[in-house]
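User: I would like to go through this model and ask what stands behind each label. Please set the value against the cut-off each time, and keep it short.

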Amino acid sequence: MNDETLEQFVRQFSRSQLRILGFIQVMVPSPTEAEDILQETSVVLWSKWSQFDPSRDFASWACGIARYEVLKHLKKHKRRIYLSDALLEQLADSAMTEIRSQEEDRARQEALARCIGSISSSDQHLLDERYRNGKSVEEIASQQEKTPRAVYKRLALVRDLLQKCIERRIDGATT
């Protein structure tokens, strides 16, 4: 593995480490054990790094590996299992769903920021006035010497443009 590969791994792992630890802690009550499992997980992640598909979400991939490490740890230390295997599986599924949801939210926020950057400055100003500054449509219409109906129409058009832009960016990122 070269320096660039190492750097990519370290960046991805550093960005996701707290989420991976949080995922582990859902299933393991002891902070010390959770940190030990995180260490084992990081070793496995590094050994499997060449198998990682960069089009996938790193945190989800890493949590999938962490899940196996947790189950392996719990089976090894059977006396410490406080929850049934079925409940552990449910907790792991729930934690994975939450992580995926957070990643989807983050991706949508990043797409929104990029899409806002791609619209005209007058449309950006309109969005700022309405949503950041909390001005009413009537106030904006008065300032811009337009009818409230015209402002409503423009806001609807801009929201539609942003929605389509977000969908294109997210669909492009997942294909």
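Analyst: First, a term. A helix here is a DSSP run of H or I with at least four residues, numbered from the N terminus. The model itself is predicted.

User: Which residue has a positive phi although it is not a glycine?

Analyst: Glu145, with a phi of about 55°. Most residues other than glycine have a negative phi. Glu145 sits in the loop between helix 6 (137-143) and helix 7.

User: Why is Glu145 called exposed?

Analyst: The cut-off for exposed is over 50% relative accessible area. Glu145 reaches 75%, so Glu145 counts as exposed.

User: Back to helix 5. Which of its residues are buried?

Analyst: Helix 5 covers residues 121-132, and its buried residues are Asp123, Leu126, Leu127 and Glu129.

User: How do you know which side of helix 5 they are on?

Analyst: Their directions from the axis cover an arc of only 165°, so they lie on the same side of helix 5. Ser121 and Arg132 are exposed on the other side.

User: What makes Asp123 buried?

Analyst: Buried requires under 20%. Asp123 has 6% relative accessibility, so Asp123 counts as buried.

User: Why is the pair Arg154 and Asp123 called a salt bridge?

Analyst: The rule asks for a side-chain nitrogen of Lys or Arg within 4 Å of a carboxyl oxygen of Asp or Glu. In Arg154 and Asp123 the closest N and O atoms are 2.5 Å apart, so the pair meets the rule. Arg154 has a relative accessible area of 33%, which makes it partly exposed.

User: Which salt bridge does Arg132 form, and where do its two residues lie?

Analyst: Arg132 pairs with Asp128, with the closest N and O atoms 3.0 Å apart. Both lie in helix 5, four residues apart, about one turn of the helix. An α-helix has 3.6 residues a turn, so residues three or four places apart point the same way.

User: Why do Arg132 and Asp128 get their accessibility labels?

Analyst: Arg132 has a relative accessible area of 69%, so it is exposed. Asp128 has 28%, so it is partly exposed.

User: How many salt bridges does the whole structure hold?

Analyst: The search finds six. One of them joins Lys72 and Glu69, at 3.3 Å from N to O. These two are both in helix 3, three residues apart.

User: What about His73?

Analyst: His73 is also in helix 3. Its relative accessible area is 14%, so His73 is buried. His73 touches Glu33 and Ile37, not counting residues up to four places away.

User: Which residues of helix 2 are buried, and what do they pack against?

Analyst: The buried residues of helix 2 include Glu33, Ile37, Thr41 and Val44. The buried residues pack against helix 1 (3-27) and helix 3 (58-76).

User: What forms the nonpolar patch on the surface?

Analyst: Leu6, Val10 and Trp46, with about 240 Å² of accessible area together. Trp46 is in helix 2. Its relative accessibility is 30%, so Trp46 counts as partly exposed.

User: Last one. Where is Glu110, and what separates it from Arg168?

Analyst: Glu110 is in helix 4 (residues 85-118). At 38% relative accessibility, Glu110 counts as partly exposed.

Technical notes
Residues numbered from 1 in each chain as written. Predicted model: local features only at pLDDT ≥ 70, side-chain atom pairs only at ≥ 80, totals over all residues. Heavy atoms only, no water. Buried < 20%, exposed > 50% of the residue type's maximum accessible area, 1.4 Å probe, protein only. Arc of directions from axis to C-beta. Contact = heavy atoms within 4.5 Å. Patch = residues over 30% accessible without salt bridge, like charges linked within 9 Å, V, L, I, M, F, W, Y side chains within 5 Å. Areas by Shrake-Rupley, 256 points an atom, 1.4 Å probe, with all protein chains shown as cover.
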